[in-house]
Amino acid sequence: MMNMTQAFQKVAAIRGMNDVLPADGARWERFEDIVRGWLQSYGYRNLRTPVLEHTRLFTRGIGEVTDIVEKEMYTFTDALNGDSLTMRPEMTAGVVRASIEHNLLYDRPQRVYSIGPVFRHERPQRGRYRQFHQIDVEALGFVGPDVDAELIVMLARLWKLLGLTDIRLELNSLGQPAERAAHRAALIEHLERHRDILDEDGQRRLYTNPLRVLDTKNPAMQAMADSAPRLFDFLGEGSRAHFDGLCQLLADAGIEYRLNPRLVRGLDYYNSTVFEWVTDRLGAQGTVCGGGRYDGLVELLGGKPAPAVGFAIGMERLLDLWEQSVPFTPLPECEVYIVHQGDDAQRLAARVGEQLRDAGLPVIVHGGQASFKSQFKRADASGARVAVILGSDEVASRVASVKFLRAEAAGEAAQQQVPLDKLADVLKSKG
Ligand code: ATP
Ligand code: MG
């Protein structure tokens, strides 16, 4: 039998998967509050999908010859039934699957958002983790370009709400399938002429996904990539008109952008509009948001054809940027901290705590019993604005001693006696 007293070897978290500790949790929550309000202000509604999906969804949706599917997915066989399952590496495929499965586009287009963890097996470093979080926003069933513009304007508003200024917009159009095919042929010719400088990924993708070869970060291939035929030059009239329409609307909104013909995005499903928001303040991992149109994906995944456009924000990167740009005053843990002495006072404290919460006040009742001195230390550390003191005198006379802890609020009457039935009113009026 196992010896239960044997020391247990401590378990650490999985590499690249982070805990968010309470000190940072407050910042995450404030961030999420802002984000939810922002999404609702554009009429986006929450859609939540499972973290696990059938592997086929991603190999089909994202594309076989992409970084994600080739080397980043957490895929495993369900030992109980042999199914191949994958931890979602992004959210769009799941959102589209759900919209097809539940016929969401049956009678109208949909604006939806999803917030949560995604998983990619990458080399962990600043801004690159194995579990990270995305805010995923999708407008399903709209042809654009008005909605493309709305999504971009919406993002500019979020940066403003957060007080961020150092983010710039990069824009490109990937055109339609026929335009891409013509460009692809010209591109393959170009790549073949420079075959000797293609690295391993480049060689492998030459015929399977030549566009992605241009997305390389290999310095030795930059000049070759810069001189490659530009997809943008292959766009037909319709694609141009869509793109010009978008640019017009961005100009109306006063949003600056840079046309980046090499912006192709890492997933197969994009067409037409693609964009990224980039900052120089985060080192190598400077892209905080990427998005674009994916008009073929709904059909590719078995639904009735429907246009769509969306984006995903990397929350860790955006929070990192926010933290660097905007000072954060930690929120108090509560408004009211109740200290107590003796068994009767402790029981009363629990009831008074509930009564104050009924009145809408956030309250911490000191846990356990301790000296007044150490309880007051805790009260101070909690950031509470007021301490309510209950001892045997207070229990007997049904009053509480109230002590304002912060100098501004303390004023003359730093401590006062308040009958219990007036307590909530008094505490609220001295906010
Ligand atoms: P990158 O080029 O940095 O690998 P990507 O093109 O793979 O990014 P997307 O699939 O567009 O990224 O995901 C949307 C956003 O999610 C990115 O813009 C980025 O902010 C964030 N992101 C992507 N991968 C990671 C990761 N491993 N850790 C943290 N955030 C990430
Ligand atoms: Mg990536």
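**Ground rules.** The model is predicted, so I kept local features to pLDDT of at least 70 and side-chain atom pairs to pLDDT 80 or more, while totals for chains, interfaces and linings use all residues. Residues are numbered from 1 along each chain as its sequence is written, chains are lettered from A and ligands numbered from 1 in the order in which they are written, and side-chain values use heavy atoms, with hydrogens and water left out.

**Entry: the eight-stranded sheet.** I traced an open sheet of eight strands with mixed pairing, in the order β1-β5-β6-β11-β10-β9-β7-β8. Strands here are DSSP runs of E with at least two residues; helices are runs of H or I with at least four, and both are numbered from the N terminus. Two strands pair if DSSP finds at least two bridges between them. The edges are β1 (45–46) and β8 (258–259), each pairing on one side only. I then checked β9 (271–278) against β10 (287–293): they are antiparallel, over six bridges. V274 has G292 in β10 as its bridge partner. Helix α1 (22–40) lies across β5 (110–119), β6 (131–140) and β11 (308–314), and runs at about 5 degrees to β6. Angles run from 0 to 180 degrees between N-to-C directions, with axes fitted to C-alpha atoms, for helices over the stretch in contact.

**Entry: E170.** I found E170 in strand β7 (168–173). E170 counts as buried because its relative accessibility is 8%. Buried means under 20% relative accessible area, exposed over 50%, and partly exposed in between (1.4 Å probe, protein chains only). Its side chain makes a polar contact of 2.7 Å with that of N260. A polar contact is a pair of N or O atoms within 3.5 Å; within protein, one must be able to donate a hydrogen and the other to accept it, and residues adjacent in sequence count only if both atoms are side-chain atoms. I also looked up V278, 108 residues from E170 along the chain: the two C-alpha atoms are separated by 7.5 Å. Beyond four places in sequence, E170 is in contact with residues including R258, L263, F275 and E276. Contact means heavy atoms within 4.5 Å.

**Entry: T279.** Where does T279 lie? T279 sits in the loop between β9 and β10. At 2% relative accessibility, T279 counts as buried. A polar atom of its side chain lies 2.9 Å from the backbone oxygen of D166. The T279 side chain also reaches the backbone nitrogen of R281, at 3.1 Å. Leaving aside neighbours within four places in sequence, T279 touches D166, G286, V288 and L321.

**Entry: ligand 1.** How many residues surround ligand 1? I noted 17, the closest being R120, E122, Y129, R265 and T287. Near means that a heavy atom of the residue lies within 4 Å. A polar side-chain atom of R120 is 2.8 Å from an oxygen atom of the ligand. For Q134, a side-chain N or O atom lies 3.2 Å from a ligand oxygen. V288 brings a polar backbone atom, 3.5 Å from an oxygen atom of ligand 1.

**Entry: β2, β3 and β4.** β2 (52–54) and β4 (84–87) pair antiparallel over three bridges. E53 has T86 in β4 as its bridge partner. β3 (75–77) is also antiparallel to β4, again with three bridges. T75 stands opposite T86. β3 and β4 form a hairpin with six residues between them, and G82 in the turn has a positive phi of about 80 degrees.

**Entry: the five-stranded sheet.** This open sheet has mixed pairing and the order β13-β12-β14-β15-β16. Its edge strands are β13 (363–365) and β16 (415–419), each pairing on one side only. The twist averages 25 degrees from one strand to the next. Helix α13 (343–358) packs on the sheet, touching β12 (336–340), β13 and β14 (386–390), at about 165 degrees to β12. β15 (399–404) and β16 are antiparallel over five bridges. A400 stands opposite V418 in β16.

**Entry: helix α14.** α14 (372–382) lies across β12, β14 and β15, at about 175 degrees to β12. Which of its residues are buried? I listed Q375, A379 and S382. Down the axis of α14, the buried residues fall within an arc of 65 degrees, so they line one face of the helix. The arc is taken from the directions from the helix axis to the C-beta atoms. These buried residues pack against β12. The face turned away carries the exposed K373, K377, D380 and A381. Just after α14, G383 takes a positive phi of about 85 degrees.
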